[in-house]
Amino acid sequence: MVDEKLKSMAREKFTAFLKTRKLRKTPERFFILDKVFSSSDHFDIDSLYSKIEQDSFHVSRATVYNTIGLLCDCGLVRKHQFGNNLARYEKVGGAINHHHLICTECGKVKDVKDPEFISYMNSKKYNAFTISYFSLYVYGVCNNCLRKLRKERQAPNCKK
């Protein structure tokens, strides 16, 4: 589900960001922004580029990389490095703190909101430091991969 109000707020924030940096407000940058805020999944640059191309909107890969960099600088997108995988990104607007469950087999990432953990982190006081946000990465094996691994272990070894 696309939150049009969140998307509109992101457009306003990005417009102001580009204006203060004296950068051009191009249709390509705003198309990329809209594509990011139309999705709820984590994404990598290649998958985002593919979605843009599927919409028959032609933009260079470099423009996608540069625009995502601007969106990160603006605070609308957050970059994650889950293990040794490619960098993945997620939109920030309206999201509360959460942790990520990362499957070490298939690479799937699931967001988890844990009110107790969030409350604990929000209650922490650090000398000369104010928390803006936090992210916790939890690595393991998802249920789908666990079932596959169990089936593989149970299957008799086939020899020719």
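The questions and answers below concern a predicted model.

Q: Which residues have the most contacts inside the largest nonpolar core?
A: The largest nonpolar core has 25 residues. The elements that give two or more residues to this core are α1 (4–20), α2 (27–37), α3 (45–54) and α4 (61–74). Those with the most contacts inside the core are Phe14, Val64 and Ile68.

Q: With which residues is isoleucine 68 in contact, leaving aside its neighbours within four places in sequence?
A: Isoleucine 68 is among the residues with the most contacts inside the largest nonpolar core. Contact here means heavy atoms within 4.5 Å. With its neighbours within four places in sequence left aside, the contacts of isoleucine 68 are Ile32, Val36, Phe43, Ile45, Leu48 and Tyr89.

Q: Why do the buried residues of α2 lie on the same side of the helix?
A: The residues buried in α2 are Arg29, Phe30, Ile32, Leu33, Val36 and Phe37. They lie on the same side of α2 because the arc they cover around the axis is only 155 degrees.

Q: Which elements cover the buried residues of α2?
A: Buried means under 20% relative accessible area, and Ile32 and Val36 are among the α2 residues that are buried. The cover over the buried residues of α2 includes helices and strands: α1, α3, α4, β1 (77–80) and β2 (88–91).

Q: How many residues apart are arginine 11 and aspartate 34?
A: Arginine 11 and aspartate 34 form a salt bridge, with their closest N and O atoms 2.9 Å apart. Arginine 11 is partly exposed at 33% relative accessibility, and aspartate 34 is partly exposed at 21%. The pair links helix α1, which holds arginine 11, to helix α2, which holds aspartate 34, and the two are 23 residues apart.

Q: Where is aspartate 55, the partner of lysine 35 in a salt bridge?
A: The side chains of lysine 35 and aspartate 55 meet at 2.4 Å, N to O. This pair links distant parts of the chain, 20 residues apart, with lysine 35 in helix α2. Aspartate 55 has a relative accessible area of 40% and is partly exposed. Its place is the loop between α3 and α4.

Q: Which helices are tied together by the pair aspartate 46 and arginine 61?
A: The structure holds three salt bridges, and in one of them the side chains of aspartate 46 and arginine 61 meet at 2.7 Å, N to O. Aspartate 46 is partly exposed at 35% relative accessible area, and arginine 61 is partly exposed at 37%. The pair ties together parts that are 15 residues apart in sequence, so the helices asked for are α3 and α4.

Q: What is the phi of lysine 22?
A: Lysine 22 is in the loop between α1 and α2. Its relative accessibility is 76%, so lysine 22 counts as exposed. Although lysine 22 is not a glycine, its phi is positive, at about 55 degrees.

Q: Where is alanine 128 found?
A: Alanine 128 is not a glycine, yet its phi is positive, at about 60 degrees. With a relative accessible area of 84%, alanine 128 is exposed. The place of alanine 128 is the loop between α5 (115–123) and β5 (135–140).

Notes:
Residues numbered from 1 in each chain as written. Predicted model: local features only at pLDDT ≥ 70, side-chain atom pairs only at ≥ 80, totals over all residues. Heavy atoms only, no water. Core = buried A, V, L, I, M, F, W, Y, C linked by side-chain atoms within 4.5 Å. Buried < 20%, exposed > 50% of the residue type's maximum accessible area, 1.4 Å probe, protein only. Helix = DSSP H or I, 4+ residues; strand = E, 2+ residues; numbered from the N terminus. Salt bridge = Lys/Arg side-chain N within 4 Å of Asp/Glu carboxyl O. Arc of directions from axis to C-beta.
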